[in-house]
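I opened my notebook to look at how two chains and a ligand sit together. Here is what I looked up, entry by entry.

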Amino acid sequence: MSREGFSISLASPYAPGMDGIQKFGIALFVVALLFTVIGLFGPAANDPELFFYLGFIGSVVGLSIYTVRTYLNRPAGVQNNHIFTSSLTNRGLWGWALGIFLTGFYVALYWGSDEMWNGSPLVLLFNPLSQGLFNHPPDRWFLYSFIYTVSILIMGVRAILKYRHSNYQIVRTCSIMFFQLGFAFLIPQFLKSMSQPEYYFSYFWPLDYARLFPSTVDGMLSGGTIGIWMLIISAILTFIATPILTYFFGKRWYCSWVCGCGGLANTAGDPFRQLSDKSIKAWKIERWMIHSVLVFITVLTILLWVNSFLEGGIFGSISHALTKVYAFLIGQAFAGVVGVGFYPLLGTRVWCRFGCPMAAYLGLLQKYFSRFRITTNGGQCISCGNCSTYCEMGIDVQAYAQRGENIVRASCVGCGICSTVCPRGVLNLENGSTHTDRENANPITFGNDGIGLRKGI
Amino acid sequence: MTAQKHIIIIGNGIAGITAARHIRKRSDHHITVISAETDHFFSRTALMYIYMGHMKYEHTKPYEDWFWDKNSIILKRAYVSKVETNSNSILLDSGERLTYDELIIATGSVSNKFGWTGQDLKGVQGLYNYQDLESMEADTKGIERAVVVGGGLIGIEMVEMLLSRQIPVTFLVREASFWDNVLPKEESEIINRHIRSHHVDLRLKTDLKEILSDEKGTARAVLTGDGEEIACQFVGLAVGVHPNISFLKDSGIETDKGILVNEKLQTNFSNIYALGDCAQLRQPREARRAIEAVWYTGKMMGETVAATICGNQTDYNPGIWFNSAKFMDIEYQTYGYVSAQLKEGEESLYWESKDGVRSIRIVFQSATKSVVGFNAFGIRLRHKVCEQWIKTGTSVDEVVSSLKKANFNPEFFKKFEKEVIF
Ligand SMILES: Cc1cc2nc3c(=O)[nH]c(=O)nc-3n(C[C@H](O)[C@H](O)[C@H](O)COP(=O)(O)OP(=O)(O)OC[C@H]3O[C@@H](n4cnc5c(N)ncnc54)[C@H](O)[C@@H]3O)c2cc1C
Ligand code: SF4
C-alpha cells in the first residue's frame with residue numbers, strides 16, 4: 001500500500017490536468033449528483049421527475065462527457081499510466097472509500113427491509129422511468145437493475161474508448177452492453193409489465209441456481225406455453241448450447257461476451273482489474289472454492305428433485321435449509337457483497353474466479369474439452385509482467401508466455417486484455433482446429449537451436 | 001548424476017537466473033547467485049512501466065519470493081569486487097571470500113557516458129538498473145523540461161516515461177533519423193512522425209556538447225553541438241551500454257569489450273563461463289554479433305551453459321535473429337536479417353498503411369528469391385512461421401501469397417494480408 005494513495009487527491013499526482021470540456025463534465029456531474037443527493041433526503045419522493053432528469057440523468061451525462069473527453073484526449077494505445085500511483089485504483093483512501101460504499105449498498109439491497117426501501121426517495125426517484133417505460137412502480141430490484149445497466153453502458157463506452165486500438169475489445173464490449181441492455185434489462189422488464197414471468201434469457205443454471213429447482217420448473221409448467229418454452233430453453237442452454245459453444249470458443253463466449261457479472265467486471269470494474277491476487281496460493285484456494293460451490297449447487301439441485309419425487313420425504317427439511325444457506329452465502333453474500341462491493345480492494349472477478357458455479361462448469365469444459373487457447377509468440381516474451389498484472393482472473397500469464405507455452409487454464413475468461421497490453425505482441429486468443437494440440441510445454445526458449453525443441457530434461 | 005559441485009553465479013539478471021534454474025532442473029549442484037542490485041530477480045525490461053505507474057516493483061518479479069528457497073537456489077545480496085582465479089574464489093565487498101567449482105559471470109551492462117562535461121551532475125543519468133529508476137523518480141519530481149540524448153530503444157523509452165508525467169521533452173538524436181543505423185529509412189520515418197505526434201521536441205542531427213550546472217551541482221541546461229542552450233532539469237543519457245566487467249581487471253580472465261568466450265560460453269578458464277550482456281563471443285555465428293545485449297540471448301545462453309555444466313556439452317546457437325520493441329504506441333517485430341541499407345544482392349518489398357503507422361517489409365535475395373528477413377510495425381507476425389520461411393529459404397512469392405499464415409494479430413483486427421500490396 002503506497003502512502004501516496006492515502007492523500008486526499010483522487011487523481012494520481014502525475015496525471016495530466018483537465019481541459020475545459022473535462023472540467024465542464026465533472027462540474028455537471030458533481031452539481032447534478034449533489035442535487036440528486038439533496039433529493040434523496042425527501043424532496044425526490046414528491047417530485048421524482050425533477051430529480052430524476054436534472055439530477056440522475058444530469059450526473060450520468062456529466063460523467064459521460066468527462067469520460068469520453070478524457071479518453072479522446074489521449075492517443076489510441078495502452079492507457080495504464082498512473083494506475084498504481086492513483087489512490088482509487090491502488091487500494092488507497094479513495095479505493096477503500098468506494099469499497100466500503102459499494103459493500104454498504106449491497107448489504108442494504110439484500111438484507112434491508114421492505115419498509116426501508118418501498119416508498120424511499122431513492123426508489124421513487126426512478127418512478128418516471130419505471131412507469132413511463134414499463135407501466136409499473138419501481139422497487140429496489142428495478143433500481144438495482146437500472147443502475148447496473150447504466151453502469152455497464154457508461155463504463156462500456158469508456159472501455160471502448162480506452163481499448164480502441166483493439167477491435168477485439170471493441171466488439172466484445174459492444175456484445176456485453178447489448179446483452180445487458182436487452183436480455184438483462186429491457187426484455188425482463190417488458191415481460192414483467194405484460195404480467196409474464198420476469199425471465200432472464202442470459203442467465204441459466206447453475207448461475208441462476210433456482211432455474212432448475214423443482215419449484216421453479218413447476219411454476220413455469222403452470223405458466224402455459226410460454227412457460228414451457230422457457231423451461232425448454234433453459235435446459236438447452238445449460239446442457240447443450242454451453243458445451244458446444246465452449247468447445248468451439250472457450251468459456252469466453254459466456255463469461256466475457258454475455259454474462260452480466262462479467263459484463264460489470266469488464267466495464268465498471270475495468271479500473272480495478274489489476275488488483276487480483278496472482279500468487280500460486282490464491283490459485284489453490286480458487287480451485288477448492290469454485291469447485292466446491294459447483295458440487296454444492298449440483299447436489300442441492302438433485303436433493304430438491306429427490307425430495308420432490310418423495311413428496312417431502314426424508315430430505316425435505318435438509319434441502320430447504322440448504323437452499324437458504326446457498327442463497328444467503330453464495331447468491332447474496334458472495335456474488336453481490338463480496339463480488340462487486342470488494343472491486344476496489346480485491347479486483348473485479350472475485351466472484352467469477354472463486355465462487356461462480358457456472359464459471360466452474362464452463363472452466364472444466366474449457367480445460368478438458370475446448371479448442372480455445374492463448375498462444376504465445378515464439379521467443380518474443382521479455383517477462384515484463386504486464387499480462388499477469390492486468391489479468392483479472394489472477395492467472396500468471398507471464399509464467400507461460402516466458403516459456404513459450406500456450407495458456408490453457410480453466411479460469412481464463414478470454415477477456416483478451418493480456419494480449420491487448422502486451423508490449424511485444426506475444427499473446428493471442430485462438431480457437432484451434434482441435435482440442436488435442438493445445439499443450440506445448442517446453443522448457444527451452446523458442447529458437448535456441450543449440451538445444452533445440454526437445455521435451456523434458 | 002555427477003558429483004555435487006558448488007556453482008557460483010554472479011548476476012541475478014535473466015542470464016544468470018536462467019542458468020541457475022536450468023542447472024537446478026538438471027542436477028542437485030549447490031547453486032549460489034550473487035547480485036548487488038536487488039534481492040530478487042526482476043525484469044529490467046519493465047523498469048519503464050514502474051515509473052509510468054503500470055506496475056509496481058513486485059509485479060516485475062517473474063517468480064514469487066518462495067521460489068528460490070523451494071528450489072535450493074541460494075540468493076546473496078553482495079558486490080563481487082574480485083575474482084581470484086588461482087584459488088577458485090571470489091571476494092565480496094564485505095570482505096567475505098567464497099570458493100567455487102564452476103563460476104558463471106552474468107553481470108550485464110553499464111550505461112555509456114562519453115566523457116561529456118557535466119555528465120556526473122545531479123539530474124543526469126542513464127537508465128539501466130533499479131537504482132537508476134529510483135534516482136529518475138527523485139530527480140524528475142516537479143521539473144519543467146527534460147532532455148533525452150540518444151535515439152535508440154532506451155532513449156525512446158525514457159521519452160515515453162517522462163511524457164507520462166506531463167514533463168516536456170527535448171529528444172536529441174545524433175543521426176539524421178531515429179535509429180537509422182538499424183531501421184531502413186521508411187520505418188525510421190514512421191517513428192520520427194510518431195515521436196513528433198506525441199509533442200516531443202525531436203531534434204535530429206543534433207548531438208550533445210556539454211551539460212551545464214547550477215550552483216548546487218544540478219543540471220540546469222544542455223549545450224548542443226550547434227551551440228544552442230536548452231534549459232532543463234533532467235538529462236537522460238541513452239547512448240548505449242557496454243559490458244559490466246571492470247571488476248575483472250587483473251583476474252586473468254581474458255576480455256576485450258566484453259568477456260571473451262568460446263562456443264561453449266567458456267572463458268580462458270575452463271571452469272569459468274560468461275553469459276548475457278557481458279559476454280563477447282570469440283567467433284559469433286554467421287550474421288550474428290559478438291555481443292548481443294538483448295533479453296532472449298541471455299536466456300538462451302543460460303539454457304546452454306546449464307546443459308554444458310551438467311555434463312551435456314552444448315554449443316551456443318541462437319538460431320535466426322529476432323527481436324521486438326515498442327516505440328510509444330507502435331509495436332515493432334523483426335525476424336531474420338533486415339539491415340538499414342539493403343545488402344548487395346538483396347531486394348525488399350515494403351508496404352505501409354495509409355495512415356502511416358503500420359508497415360511490413362520483406363527482404364529477399366534477388367537471385368534466389370529466398371526471404372531473409374521481416375520487419376513489422378503496428379502488426380504482429382508469427383515467430384514460428386517467419387522463422388520457418390527464413391530457415392527453409394522460402395521464395396518471396398510464396399511468402400506474399402501465404403502471408404496470412406504469419407498473421408498474429410488478435411481476432412477482429414483488419415486482415416492486413418488483404419490490405420498489403422507490395
Ligand atoms: C530499460 C531497458 C529496457 C530494455 N528492454 C529490452 C527489450 O525490450 N528487449 C530486449 O531484448 N532487451 C531489452 N533490454 C536489454 C535487456 O534487459 C538486457 O539485455 C538483459 O537484461 C541483460 O541481462 P543479463 O542477465 O545479461 O544482465 P543484467 O540483467 O544486467 O544482470 C546483471 C546483474 O549483475 C549484477 N552485477 C554486476 N556486476 C556485479 C558484481 N561485480 N557483483 C555483484 N553483482 C553484480 C548487476 O547489478 C545486475 O543485477 C532492456 C534494457 C534496459 C536497461
Ligand atoms: S507476454 Fe507480453 S506482457 Fe506478458 S510478460 Fe511477456 S512480453 Fe510482457
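I began with ligand 1, which lies between chains A and B. I am reading a predicted model here, and I keep that in mind for every entry.

Next I asked which residues come nearest to ligand 1. Of the 32 residues around ligand 1, the nearest are Arg424(A), Glu37(B), Tyr128(B), Asp277(B) and Trp295(B). I sorted the shell by class and got 16 nonpolar, eleven polar and five charged residues. H1 and H5 of chain B each give at least two residues to this shell.

Then I turned to backbone atoms of chain B. Ala15(B) has a backbone N or O atom 2.9 Å from an oxygen atom of ligand 1. A polar backbone atom of Ala36(B) is 3.2 Å from a nitrogen atom of the ligand, and one of Val294(B) is 3.5 Å from a ligand oxygen atom. How much of ligand 1 does the protein bury? Taken alone, ligand 1 exposes 990 Å², and the protein buries 94% of that.

My last entries are on the interface itself. I noted 62 residues from chain B and 65 residues from chain A in the contact. The buried area is about 5100 Å², with 47% from carbon and sulfur atoms. I found three salt bridges across the interface, among them Arg382(B) with Glu430(A) at 3.0 Å, N to O. I also logged 36 residue pairs in polar contact. On the side of chain B that touches chain A, H7(B) supplies the largest share, seven residues. That side divides into 20 nonpolar, 21 polar and 21 charged residues.

Methods. Residues numbered from 1 in each chain as written. Chains lettered and ligands numbered in written order. Predicted model: local features only at pLDDT ≥ 70, side-chain atom pairs only at ≥ 80, totals over all residues. Heavy atoms only, no water. Contact = heavy atoms within 4.5 Å. Buried area = accessible area lost by both parts, 1.4 Å probe. Salt bridge = Lys/Arg side-chain N within 4 Å of Asp/Glu carboxyl O. Polar contact = N/O pair within 3.5 Å; in protein donor to acceptor, adjacent residues only side chain to side chain. Helix = DSSP H or I, 4+ residues; strand = E, 2+ residues; numbered from the N terminus. Nonpolar A, V, L, I, M, F, W, Y, C, P; charged D, E, K, R; others polar. Near = heavy atom within 4 Å. Areas by Shrake-Rupley, 256 points an atom, 1.4 Å probe, with all protein chains shown as cover.
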